[in-house]
Amino acid sequence: MNIPSKIQHLSSFEIEKLCHLLECDQQELVEFEKRALQIADETEYTYDAMMKILQKGHNLREAIFIAMIIGRKEGYLQAEADMEEEIKEKLYQAFRGNRNK
């Protein structure tokens with residue numbers, strides 16, 4: 001699953017604030033996001049993702065930012081799965097309702 005970049009949707013002021021907080025430039029910010037999405041794709045469990053982040057030698061601010069991106073991606077995927085399951089259940093119930101009439 002390819003989730004679009006969230007950084008591209010930030011205002012220049014928000015990007016500037018993040019860069020100041022993380023002590024990086026915009027290109028590094030984009031790289032943090034790419035690494036986060038790559039780590040999220042490579043790992044199944046949050047613990048494994050956190051270990052990979054720490055093993056790559058990021059400072060604490062970078063690690064927190066990358067972990068936040070991974071958390072958002074995991075939340076997005078879970079919400080997508082939940083919605084799909086709910087739609088399937090509603091379709092099944094509608095089908096069953098039509099058969100009983």
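This is a predicted model: local features need pLDDT of at least 70, side-chain atom pairs count only at pLDDT 80 or more; totals for chains, interfaces and linings use all residues.
Local features need pLDDT of at least 70 and side-chain atom pairs count only at pLDDT 80 or more, while totals for chains, interfaces and linings use all residues. Residues are numbered from 1 along each chain as its sequence is written, and side-chain values use heavy atoms, with hydrogens and water left out.

**View 1. The largest nonpolar core**. This core (buried Ala, Val, Leu, Ile, Met, Phe, Trp, Tyr and Cys residues joined through side-chain atoms within 4.5 Å) has 19 residues, of which Leu29, Phe32, Phe65 and Ile70 touch the most other members. At least two core residues come from each of helices H1 (12–22), H2 (26–42), H3 (46–55) and H4; helices are DSSP runs of H or I, at least four residues, numbered from the N terminus. H2 gives the most, six residues. Not counting residues up to four places away in sequence, Phe32 touches Leu22, Cys24, Glu62, Phe65 and Ile66 (contact: heavy atoms within 4.5 Å).

**View 2. Cys19 and Cys24**. Zero disulfides (cysteine sulfur pairs within 2.5 Å) are found in the whole structure. The closest cysteine sulfur to that of Cys19 belongs to Cys24 and lies 4.3 Å away, too far for a bond. Cys19 is buried at 9% relative accessible area and Cys24 is buried at 13% (buried: under 20%; exposed: over 50%; partly exposed: in between; 1.4 Å probe, protein chains only).

**View 3. Ile64 on helix H4**. Ile64 lies in H4, residues 60–99, and is partly exposed, with a relative accessible area of 46%.
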